[in-house]
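Hi there,

I'm passing along the structure we talked about. Please open it next to this email, and then read on for what turned up.

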Amino acid sequence: MPETASTTRAPDALLPSLAPLLHEWLPRQRWFAGKGRRVTGFTLDAATELLPLDGTGPGLLHLLVRVEQPGRPAGTPADCYQLLLGVRTQLPPRLAPALLGRIRQGPLAGRAVYEGLRDPRLAGLLYERLRTPGRTGPLRFHATASLPPALAPRMLDAEQSNSSLVYGDSFILKIFRRVSPGANPDLELPLALAGAGCARVPAPVAWFETGAATLGVLQPFLRGSRDGWRLALDALADGREFAAEARALGRATAEVHLALAEALPTRRLARAETEQLAAAMDRRLHAAAQAVPALMPYVPGLRAVFEAASGADSGGVVQRIHGDLHLGQTLRGSDGGWAVIDFEGEPAKPLDERRSPQPTVRDVAGMLRSFDYAARTHRPWNADWAARCRAAYCTGYAEAAGADPRTDPALLRAYETDKAVYEVVYEARHRPDWLPVPMSAIERLSAPR
């Protein structure tokens, strides 16, 4: 049997022995969603030895762990996190930064536990397991292509909500950290787009799941490509226009929307639904203003934006969309073509909500905010640069879609406002130094028109 052979057992004593390490390590991870709330305990959903722990070499333990934190709404389950922990008797110095600690008691007493994805041997083992469809305990591995063996892994450090490994500059594996029941859109939508023949999105070549939840997706790595956020910042720094790129990106977005509408169900957006959408935006604004008091003076103006959308009869459709589209979710290849990635949606929102059909104008609003965001991070603030990018993007979208998103201004403005409110809360929690960026948009969007 290959090294990927494994056993699964229910180590009742394992979690209590790991708990002291998890208490210290988990809240410090960038992808931990419960920051600022006390951790009171853990519950084990599943434990799988992807590499046996009782051998002389390293072991690889796959865990699904629920983190108990007070203050959750009644009936809301605790967040479940996916962990891949390496276990060694002696930890090589090169892996010291990945150390969680040494276990003091239980079945692994005296062993060192560390972030397994940072161990090239264990990361390579996970790739080899993906190459071979089948089951390991509760884990199910799928592949749609024959994958080359033994590609060297490297872990990316830029992500916040998940973790990713690149294998030999050929494939990228996204590991979902906070796991929810149901198909993850980052697998579901790229598979649907591949089936529809849309080349704007890298098609998944392998993935693994529990049967109830998606755990990781392997896709082609677009070598030599650069993300739209960095390209936009470089253009600003060089004093260059970005309108031509924005226009092409608008066309790419429309092509993705058209392919999703072909592959998955659509339906008309009823007037009552726009009222519900606006009401939900208003509730999010109320919650955001409680969390970030700086929003309070702008609440009346922002609420007026949502009220205007509530009365609109767009006559549009709802369908599956990207759900969290911005410049950082796009890649421009060496041939100048744009690709769209990361269809997971806003990770903070429930999975059912992220999988629900929505107006395409929501994605458009997200990208319009992103152009504004890029320009606001540059000194001096270049409002005209952002305005030209926003206009060019909508023009490109209209050219491919046959419908201009600006013909529905009330809903477009409402979604842009809703996004800016989300950004305020995010920056206040994670990057307070960036808070003035979305607050400047809040000031603009709340002003009477």
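Predicted model: local features only at pLDDT ≥ 70, side-chain atom pairs only at ≥ 80, totals over all residues.

**Helices α4 and α9**

Let me start with helix α4 (residues 228-238) and helix α9 (residues 361-376), whose axes come within 9 Å of each other and cross at roughly 45°. That angle makes α4 oblique to α9, and the crossing is right-handed. On the α4 side, the residues that meet α9 are Trp-229, Ala-232, Leu-233 and Leu-236. Their counterparts in α9 are Ser-370, Tyr-373, Ala-374 and Ala-375. Sorted by class, this contact of α4 with α9 holds 7 nonpolar residues, 1 polar residue and no charged ones.

**Helices α6 and α11**

The second pair is helix α6 (residues 271-291) with helix α11 (residues 409-430). Here the axes come within 10 Å and cross at roughly 25°. Angles under 35 degrees count as roughly parallel, and α6 and α11 are therefore roughly parallel to each other. The crossing of α6 past α11 is left-handed. From α6, the contact takes in Leu-277, Met-281, Arg-284, Leu-285 and Ala-288; from α11, Ala-414, Tyr-415, Asp-418, Val-421 and Val-425 take part. By class, the contact of α6 with α11 has 8 nonpolar residues, no polar ones and 2 charged ones.

Now to the strands. Which way do the residues of strand β13 (residues 206-209) point? Ala-206 and Phe-208 point one way, while Trp-207 and Glu-209 point the other way. All of these β13 residues are buried, Glu-209 included.

β13 pairs with strand β8 (residues 139-143), running antiparallel to β8, with 4 bridges joining the two. β13 also pairs with strand β14 (residues 214-220), again in the antiparallel sense and over 4 bridges.

Finally, have a look at the hairpin of β13 and β14, where 4 residues lie between the strands. Which residue takes a positive phi in this hairpin? It is Gly-211, with a value near 100°.

Happy to talk any of this through once you have had a look.

Best wishes

Note on methods: Residues numbered from 1 in each chain as written. Heavy atoms only, no water. Axes fitted to C-alpha atoms, helices over the stretch in contact; angles between N-to-C directions. Parallel < 35°, antiparallel > 145°, perpendicular 65-115°, else oblique. Left-handed = near helix turned anticlockwise from the far one by under 90°. Contact = heavy atoms within 4.5 Å. Nonpolar A, V, L, I, M, F, W, Y, C, P; charged D, E, K, R; others polar. Buried < 20%, exposed > 50% of the residue type's maximum accessible area, 1.4 Å probe, protein only. Pairing = 2+ DSSP bridges.
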